[in-house]
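My entries follow in the order in which I made them.

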Amino acid sequence: FPSHDTAHQHHVMSKLDPTRLNALLQKLRESRVPHPTVPSIPTAPTGTPTGTPAPIHEAVTVTTNITQDRQTEANQIYDRYGNLITLNSKQLEFVQLAAAGRDCVLIGAAGTGKTTCQKAVTQALITSGHAGTLASGGHKHLVSGTPGIVICAYTRRAVANIRRNVSTELQGNCITIHKLLEYAPVEVFITDPETGKEKRSMRFEPQRNAKNPLPSNIHTIIIEEASMVSLQLFNEIVEASPHNPQIVFLGDIQQLPPVFGSAILGYKMLELPVVELVEVHRQALDSPILSLAHRVLSGKPIPSAELLSLNVPGKLKLHPWKKRISSEAATITLAKFFIQQLDTNQYNPETDGILIPFNKSCGTDELNKHIATRIAQKMAARNPGVEVQVLECTHGFHCKAPPAPVKKVWVGGEYIPETV
């Protein structure tokens, strides 16, 4: 995208500059106390070595006398196509750490094997018996009788990807953080600061909290894409988990920050043992999108002539701007493009995401308004005489009961400033 707000873009680029991030990460590596080495999955050390952070949770009883067959099973990881995966040293280091019951952090770029590590950890916890069995305790989304492991993320799309890569017994326990906390609409009355009058409003709040905690037999909570999870949202998880479950963080420091507030990932990288995956697997680079992402991450310029050669039919198509244009013109151009994609069923707002680096001007606010208005028009055409509402929440469109606060409402294609 061209530069629309120069000052803002420079600020964003300074935060995401790979050189600065790598320097900070190197400083973190040098200052971090080495965490203990665990002999094998799922065996853990009998004591906590001096100077190591984050003691093993008291609720974890480490078993050292598992059978050889179970030990072999714990170390054998397969991808979703049935191919045996051999963990590299860093992956094994993380798996052994998490299998010992410690809170810890795994970071790495796309294609370095974070999903493989997550699968290995859950398998080790289940095989060793540490995970236990979940009794949902009336939770609306968790499944009783499954392992006591919950894998959650901020967005539905991330959860859908996670669910495709876990064992059948864990698929029901892959949910958004908002579903984990059972967010629901709550009626509140607020005073208008201008008129002084009280008015009714709806607010989405977590129904799981200190007074109504999560099931105490959740042994482990794995937070995927932790760079997108805010401090406030993480604190709500902690408040709803007085039984102190193991919490494992997976993320990429180069990825998107939270929609609101600061990310929990950076804080936990300073507090907990951190393992960084740096080896990008060949299979990952076979994806043109991941290959392009790593090229951008390297900081090497991509000449215009080379840019078009990166197109892969059916997988990746680049639409470079022909010239620098204003933010208003860029917004109209993008809106026309996505509306055309919507009308020809090549873009599905329920399953497809649009990533854009700004909120205002040529950003999510204006683009969402155009798309939501078109959705409302199409829905109204299919339902003549029926009032149509299109809700935009932080997870997308079409939310009948959004798991997060509704930001805007379009009724019959007209924008309504206040939530109804």
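**Val 143.** I looked up Val 143 and found it partly exposed, with a relative accessible area of 35%. My cut-offs call a residue buried under 20% relative accessible area, exposed over 50% and partly exposed in between, with a 1.4 Å probe and protein chains only. Val 143 sits in the loop between α5 and β4 (149–153). Helices (H or I, at least four residues) and strands (E, at least two) are DSSP runs, numbered from the N terminus. I listed the contacts of Val 143, leaving out residues up to four places away in sequence, and got Leu 134, Gly 172 and Asn 173. Contact here means heavy atoms within 4.5 Å. I also took the C-alpha separation of Val 143 and Gln 171, which is 9.5 Å for residues 28 apart along the chain.

**Source note.** This is a predicted model, in which local features need pLDDT of at least 70 and side-chain atom pairs count only at pLDDT 80 or more, while totals for chains, interfaces and linings use all residues. Residues are numbered from 1 along each chain as its sequence is written, and side-chain values use heavy atoms, with hydrogens and water left out.

**Thr 127.** I moved to helix α5 (residues 114–128), where Thr 127 is found. Where does the side chain of Thr 127 reach? I found it at 2.7 Å from the backbone oxygen of Gln 123. A polar contact is a pair of N or O atoms within 3.5 Å; within protein, one must be able to donate a hydrogen and the other to accept it, and residues adjacent in sequence count only if both atoms are side-chain atoms. Thr 127 is buried, at a relative accessible area of 9%.

**Helix α4.** I listed the buried residues of α4 (residues 89–99): Gln 91, Phe 94, Val 95, Gln 96, Leu 97, Ala 98 and Ala 99. They pack against β3 (104–108), α5, β9 (246–251) and β10 (274–277). At the start of α4, I found a side-chain oxygen of Asn 88 within 3.2 Å of the backbone nitrogen of Lys 90. Gly 101 follows α4 and has a positive phi, near 95°.

**Cysteines.** I searched for disulfides, defined as pairs of cysteine sulfur atoms within 2.5 Å, and the count is 0.

**Cores.** I searched for nonpolar cores, meaning sets of buried Ala, Val, Leu, Ile, Met, Phe, Trp, Tyr and Cys residues joined through side-chain atoms within 4.5 Å. The largest has 31 residues, of which Val 105, Ile 177, Ile 223 and Phe 249 touch the most other members. At least two residues of this core come from each of β3, β4, α7 (177–180), β8 (220–223), α8 (231–239), β9 and α9 (264–271). Another core, of 27 residues, lies apart from it and includes Ala 120, Leu 125, Leu 170 and Leu 250. I then took the contacts of Val 105 beyond four places in sequence; among them are Phe 94, Phe 249, Leu 265, Lys 268 and Met 269.

**Salt bridges.** I counted 8 salt bridges in the whole structure, taking a side-chain nitrogen of Lys or Arg within 4 Å of a carboxyl oxygen of Asp or Glu.

- I found Glu 182 and Arg 208 paired at 3.1 Å, N to O. Glu 182 lies in the loop between α7 and β6 (183–191) and Arg 208 in the loop between β7 (198–206) and β8, 26 residues apart. Glu 182 is buried at 7%, and Arg 208 is buried at 5%.
- Lys 268 bridges to Glu 271, with the closest N and O atoms 3.1 Å apart. The two are 3 residues apart in helix α9, so about one helical turn separates them. Lys 268 is buried at 11%, whereas Glu 271 is partly exposed at 44%.
- Lys 378 and Asp 343 meet at 3.6 Å, N to O. Lys 378 is in α14 (residues 364–382) and Asp 343 in α13 (residues 327–343), so the pair ties together parts 35 residues apart in sequence. Lys 378 is partly exposed at 25%, and Asp 343 is partly exposed at 33%. I noted a network of salt bridges linking Asp 343, Arg 374 and Lys 378.
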